[in-house]
Amino acid sequence: MKGKSRPDLPLYVMLGPTFLWLLIFVMIPLFNVIEISFLTKNPSGGIDFRFSVESYASLFKRDFMLIMYRSFALSLQTAVLCLLIGYPFAYVIANMPRDYRKYFLLFIMLPFWINSVIRIYGWTTLLRMEGVINTLLLTLGIISKPLEMLYTDGATLLGMVYELLPFAVLPLYASIEKLDVSLLEAARDLGATKARTFLRVIFPLTMPGVFAASLQTFIPSLGLFYISEMMGGGSTMYIGNLIKNQFLSARNWPLGAALSLFLILITLILLKLYTKVGKLEDMA
Amino acid sequence: MNPEISIHNKKKIEFHPLSMLYACLVYLFLYLPIVIVIVFSFNTSKVNIKFQGFTTDWYFRMFDNSRLMESFYNTLLVAGASTVISIVIGTLCAVGLYRFEFKLKSLITNSLYIPIAIPEIVFGIALLVFFSSIHLKTGLLTLILSHVTFSMPFVAITVRSRIAGFDRSIEEAARDLGANEFRTFMRVTLPLIMPGVIAGGMLALTLSLDDVVISFFTSGPGSTTMPLYILGLVKKGVSPDVNALSTLVILGTIGIMVIAQVAQSRLEQNEGGNNSEN
């Protein structure tokens, strides 16, 4: 073995583990989900090996359609708010002196390193009926009755935006930073106002970042079931909670599997749309 | 540097007070809940709603909460084990993809993006379904296996982007001088890609510590992680000992990440120095 290199052996040593790992823990589980989605649930909560498209048919039931509509609306609101808050913020950072930018970006990433349950728990302390914000407003005499903030749909939206904002800022920052300053100068020299320069030059050029930011907020928000449970109190059902329930409480695995595949389908369509506009690497 | 660019930079340095105010508000939004968690760890009231008085008791009493401590221990164990495994497999994969041309190359490269692209919740239930189909009880083992699955691709991709630029002739030189494959890898390749490995490892560690959704489906009754433990308590009410441990976790995480950033930029600087000597 010594001295002589045997190129064949290292190939298997180096890529074998990855190949096997992805096969066993990614491919096979995903095939399991596809398989289960075509089976039938039995009354005791298990699965019968009987082919059926019942789960897919039930996706079109009115209740489920309503939940999906509500989920997409929430995700869309999340993505739009993240863009509205994140774009100006990324713009401010990208226009700072180069030496400072690193630190400002670091401070955006820092909260992301701390577990989100801990951070969302902080929000619940703030928003409660007897919580920090209500106490403060009552003491200052601004309100006479505590505001109902926690366990509302608005709180869920707040939690989603809070959780996903850094994912919007980073791609936005990357594309704003790449802007060619000479183009902006050209626009100014040609007499364009600031607003016009932004609408006609800056914004179109940063579209890849806008798309990446929308995807990175929209897609994950569909699955963050624990945020609607912690902030919304779990009273309003979203697709994430619905999937979770099929596997844990309702024990209708085929339906849960069909819903999951529906979610993958949506993701793939969005990613496909995205690759038409930008490059996948811009996502990072 | 191009003189035109530096002129422009000078123009840009004018900090607009409004834009600074805006940036500060966004940071306030991001840090407010974290500060609140820390502040309430010093609260005398057991019901964690109003701040009544200052105490450091909870930092000692948290050790008596055996379920909290167990969940913390599980979190560290899962994060540690999955990070080490992810680093080993991911680094080997990245180096392998760099060195070899073979039939399945594009298949493996593309497959690395699957766990990243599919929604976490789907990934979580897919693993749950898989583990139950092979009759593997959910617990610490299934947690570690699933954490490796979502961390490893990130390590592989990070290390790979790092290798993309390095000079292959150094490896060949080592082999010509009589070093075998293993020795070449340990003594030549690994030191070169070290900044990438550290970055990838840190990413794996963060992802594991941060994960809620996938852990939710792949943990068992005796293997709750700290986030899952808090999630289960939030509606019933969380006592300040949880805040105390969370505060330590927050400070620990920030500490580790800052050290890692410094170490990484040191390594990169050293390398820059070596290159300029050449």
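This passage describes chain B of a predicted model and the contact of chain B with chain A. Residues are numbered from 1 along each chain as its sequence is written, with chains lettered from A and ligands numbered from 1 in the order in which they are written.

The secondary structure of chain B consists of 13 helices and zero strands, where helices (H or I, at least four residues) and strands (E, at least two) are DSSP runs numbered from the N terminus. The radius of gyration of chain B, taken over C-alpha atoms, is 24 Å, well over the 19 Å that the globule rule (2.2 Å times the number of residues to the power 0.38) gives for 278 residues, so chain B is more spread out than a compact globule. Along the principal axes, the C-alpha atoms of chain B fill a box of roughly 70 × 65 × 35 Å. Of the 278 residues, 41% count as buried, a term that requires 20 or more other C-beta atoms within 10 Å of the residue's own, with C-beta atoms placed from the backbone. Among contacts in chain B (C-beta atoms, placed from the backbone, within 7 Å) between residues at least 6 apart in sequence, 81% join residues at least 24 apart.

Helix α7 (residues 120–133) of chain B has 14 residues and reaches 20 Å from its first C-alpha to its last, close to the 20 Å expected at 1.5 Å a residue, the expected span being 1.5 Å times one less than the number of residues. Twelve of the 14 residues of α7(B) are buried, so this helix is largely enclosed by the rest of the structure; among them are Glu120(B), Gly124(B) and Phe131(B). Just after α7(B), His135(B) takes a positive phi of about 55 degrees.

The contact between the chains takes 68 residues from chain B and 65 residues from chain A. On the side of chain B that touches chain A, helix α2 (residues 17–39) gives the most, with twelve residues. By class, this side has 49 nonpolar, 13 polar and six charged residues, with Ala, Val, Leu, Ile, Met, Phe, Trp, Tyr, Cys and Pro counted as nonpolar, Asp, Glu, Lys and Arg as charged, and the others, Gly among them, as polar.

The axes of helix α5 (residues 116–127) of chain A and helix α12 (residues 226–233) of chain B, which are lines fitted to C-alpha atoms over the stretch in contact, come within 9 Å and cross at roughly 30 degrees, on a scale from 0 to 180 degrees between N-to-C directions. That angle makes α5(A) roughly parallel to α12(B), a label applied under 35 degrees. Val117(A), Ile118(A) and Tyr121(A) of α5(A) make the contact with Pro227(B), Ile230(B) and Leu231(B) of α12(B), and these residues divide into six nonpolar, no polar and no charged.

Terms used: Predicted model: local features only at pLDDT ≥ 70, side-chain atom pairs only at ≥ 80, totals over all residues. Contact = placed C-beta atoms within 7 Å. Parallel < 35°, antiparallel > 145°, perpendicular 65-115°, else oblique.
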